[in-house]
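The tour below goes from one selection to the next.

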Amino acid sequence: MRRPIIAGNWKMYKTIEESISVAVGLKRRFYTFSEADVVICPPFTALSKVHDQIVDSSIMLGAQDIYWEESGAFTGEISPNMLKDAGCRYVIVGHSERRVIFGETDEDVNKKVKVVLKHGMIPIMCVGEKLEERDNGTTFEILEKQLTRGLKNIAKEKAVRVIIAYEPIWAIGTGRTATPQQAQEAHKYIRDFAERSYDKETASRIRIQYGGSVKPENIAQLMSQEDVDGALVGGASLDVHSFTEIVENAVK
Ligand code: PEP
């Protein structure tokens, strides 16, 4: 049985004060919560202060990106130890906004996944196709390429800790959600990939989240699919009430 995991990606929203306010609101409901892993990923500037708020609760802290070097002259980047120091246990890697806007490649994603694992944190590795790729029938080809390159040279003992987030780019921030069937089909493809690359046991343990316009109203149906183990939530995670409802509806 895979444990559900709901993560909120706050993107480039919220000041430190606003972040603390959301964290405090969520902590009221999820101070102790055992039915799912609940992760929030504030902007870098708020990580440490949010950590102070949630440290004694069930809510866990995640970062939205990382750099693969340990330290050095890399202006503007954040190292694995800096994220650990701030209290992060999870790191989102290869989000489509990083890939599309900032030109992040599958090779970059692979380096980031490896460094997150090396430092004992959990990578949430995002994959997903663009609208034109879905329309021209190359969704699985794209997933195959992103998974093969993103997980290159990662042994199965480590791969079981990787969380894969299937995020069709056409569904991110658009209000257009993949149907539960479309999500299940892609998640099954990802699990089959894990079985081909590793083995059945490893594939059965890897958690796969769906991301793309997840809301309180559609989470239950998505979660009812066999291979959907959770959600990576953008817009709807910025509000205490909607994120709370998403988590509650995910485990009903
Ligand atoms: C995301 O940012 O990963 C995401 C899925 O965004 P949204 O929920 O707003 O579509």
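Where is the place of His 95? Select His 95: its place is in the loop between strand S4 (90-93) and H4. Helices (H or I, at least four residues) and strands (E, at least two) are DSSP runs, numbered from the N terminus.

Before going on, note that this is a predicted model, in which local features need pLDDT of at least 70 and side-chain atom pairs count only at pLDDT 80 or more, while totals for chains, interfaces and linings use all residues. Residues are numbered from 1 along each chain as its sequence is written, and side-chain values use heavy atoms, with hydrogens and water left out.

**The ligand**

Stay on His 95. His 95 counts as buried because its relative accessibility is 5%. Buried means under 20% relative accessible area, exposed over 50%, and partly exposed in between (1.4 Å probe, protein chains only). The side chains of His 95 and Asn 9 are joined by a polar contact of 3.5 Å. A polar contact is a pair of N or O atoms within 3.5 Å; within protein, one must be able to donate a hydrogen and the other to accept it, and residues adjacent in sequence count only if both atoms are side-chain atoms.

Now show the ligand. An oxygen atom of the ligand lies 2.9 Å from a polar side-chain atom of His 95. For an N or O atom in the side chain of Asn 9, the distance to a ligand oxygen is 3.3 Å; for Glu 167, it is 2.7 Å. Taken alone, the ligand exposes 290 Å², of which the protein buries 95%. These areas come from the Shrake-Rupley method with a 1.4 Å probe; for residues, only the protein chains shown count as cover.

How many residues surround the ligand? There are 14, and the closest are Lys 11, Glu 167, Gly 173, Ser 213 and Gly 234. A residue is counted if one of its heavy atoms lies within 4 Å.

Select Lys 11 next, in the loop between strand S1 (5-9) and helix H1 (16-30). Its phi is near 50°, a positive value in a residue other than glycine. Most residues other than glycine have a negative phi. Lys 11 counts as buried, because its relative accessibility is 18%.

**Salt bridges**

Go to Asp 37 and show its side chain. Asp 37 forms a salt bridge with Arg 3, the closest N and O atoms being 2.6 Å apart. A salt bridge is a side-chain nitrogen of Lys or Arg within 4 Å of a carboxyl oxygen of Asp or Glu. Arg 3 is partly exposed, at 33% relative accessible area, whereas Asp 37 is buried at 10%. Asp 37 also meets Arg 207 in a salt bridge (2.9 Å, N to O). Asp 37 lies in strand S2 and Arg 207 in strand S7 (residues 207-211), so this pair ties together parts 170 residues apart in sequence.

Then select Asp 227 and Arg 191, whose side chains meet in a salt bridge (2.5 Å, N to O). Both Asp 227 and Arg 191 are buried. A search of the whole structure finds 21 salt bridges.

**One more loop**

Finish at Val 228, in the loop between helix H11 (219-223) and strand S8 (230-233). Val 228 is 20 residues from Ile 208 in sequence and 5.9 Å from it in space, C-alpha to C-alpha.
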